Amino acid sequence: MAKRITVIQGHPDGHARHFCHVLAEEYMKGAKNERHEVCSIDVAGIDFPLLRTKEDFENATPINTIRQAQDAISWANHLVIIYPLWLGTMPALLKAFFEQTLRPGFAFEYSDSGQMPKKRLTGRSARIIVCMGMPAFIYQWIYFAHGLKNLERNILALSGIGPIKSTLIGSIENMSEGRRVRWLTKIRKFGECGN
């Protein structure tokens with residue numbers, strides 16, 4: 001069955017082409033080949049302010065480009081989030097994007113009784129693809145993938161998104177051409193399957 005997929009390209013450098021960009025293109029190519037509907041959000045191409053107060057986070061009206069991103073997230077039944085690992089987690093620009101888009105009233109609602117927030121983005125699954133310079137097993141087994149777990153549990157699951165799958169691609173700086181091709185083929189197959 002065809003899915004509606006929104007690919008969130010989280011690399012903060014909008015002036016150069018990185019492996020994250022190539023991965024997103026391969027995923028979308030595979031998805032379109034299998035007749036999935038696809039749209040994309042390039043976080044580096046969106047101009048938005050940082051949220052600096054609780055009042056702004058909870059009550060400020062999102063600017064038009066953020067509302068468009070929220071529409072793309074609402075439209076999708078599967079999200080793909082691609083980013084490089086910086087200091088153990090996502091780049092600050094991607095975190096700021098999630099703070100802007102996944103706000104109260106859109107992604108969740110606070111409960112009057114002090115209970116857990118009501119999740120507003122249920123019915124959507126996600127795939128997170130993280131590129132890093134270190135070997136992926138070191139990030140996963142020595143550092144416990146703390147930044148990835150934060151995104152999965154405290155951002156996406158809090159909003160009701162699940163199941164969430166992740167793919168860690170390590171040692172990208174010295175990746176052989178053969179390994180690069182194998183990763184691109186794998187990501188394209190994820191797109192074909194819509195997962």
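Helices (H or I, at least four residues) and strands (E, at least two) are DSSP runs, numbered from the N terminus. Helix α7, residues 177-193, holds Thr-185. The model is predicted, so local features need pLDDT of at least 70 and side-chain atom pairs count only at pLDDT 80 or more, while totals for chains, interfaces and linings use all residues. Residues are numbered from 1 along each chain as its sequence is written, and side-chain values use heavy atoms, with hydrogens and water left out.

**Thr-185**
- Thr-185 is partly exposed, with a relative accessible area of 26%; buried means under 20%, exposed over 50%, and partly exposed in between (1.4 Å probe, protein chains only).
- Although Thr-185 and Gly-30 are 155 residues apart along the chain, their C-alpha atoms are separated by 9.1 Å.

- In strand β3 (residues 78-84), seven of seven residues are buried.
- In a regular strand, side chains alternate between the two faces of the sheet.
- On one side of β3 the buried residues are His-78, Val-80, Ile-82 and Pro-84, and on the other they are Leu-79, Ile-81 and Tyr-83.
- Strands β1 and β3 pair in the parallel sense over five bridges; two strands pair if DSSP finds at least two bridges between them.
- Strand β6 (residues 125-131) runs parallel to β3 and is joined to it by seven bridges.
- Ile-81 of β3 is the bridge partner of Ile-8, and Ile-128 in β6 is the bridge partner of Ile-81.

**Gln-9**
- Gln-9 belongs to strand β1 (residues 4-9) and is buried, with a relative accessible area of 6%.
- A polar atom of the Gln-9 side chain lies 3.1 Å from the backbone nitrogen of His-11.
- Leaving aside neighbours within four places in sequence, Gln-9 is in contact (heavy atoms within 4.5 Å) with residues including Cys-20, Asp-42 and Ile-82.

**The largest pocket**
- A pocket is an open set of points on a 1 Å grid over the protein atoms alone, where a 1.4 Å probe fits, with protein on both sides within 12 Å along at least five of seven lines; lining residues have an atom within 4 Å of a point.
- The largest pocket has a volume of about 170 Å³, a volume being the space filled by probe spheres set on the points, which are joined across faces, edges and corners.
- Among the lining residues are Phe-57, Lys-95, Phe-108 and Ser-159.
- Two or more lining residues come from each of α4 (92-101) and α6 (146-156), and α4 gives the largest share, three residues.
- The lining has six nonpolar, two polar and two charged residues; Ala, Val, Leu, Ile, Met, Phe, Trp, Tyr, Cys and Pro count as nonpolar, Asp, Glu, Lys and Arg as charged, and the others, Gly among them, as polar.

How values were computed: A polar contact is a pair of N or O atoms within 3.5 Å; within protein, one must be able to donate a hydrogen and the other to accept it, and residues adjacent in sequence count only if both atoms are side-chain atoms.
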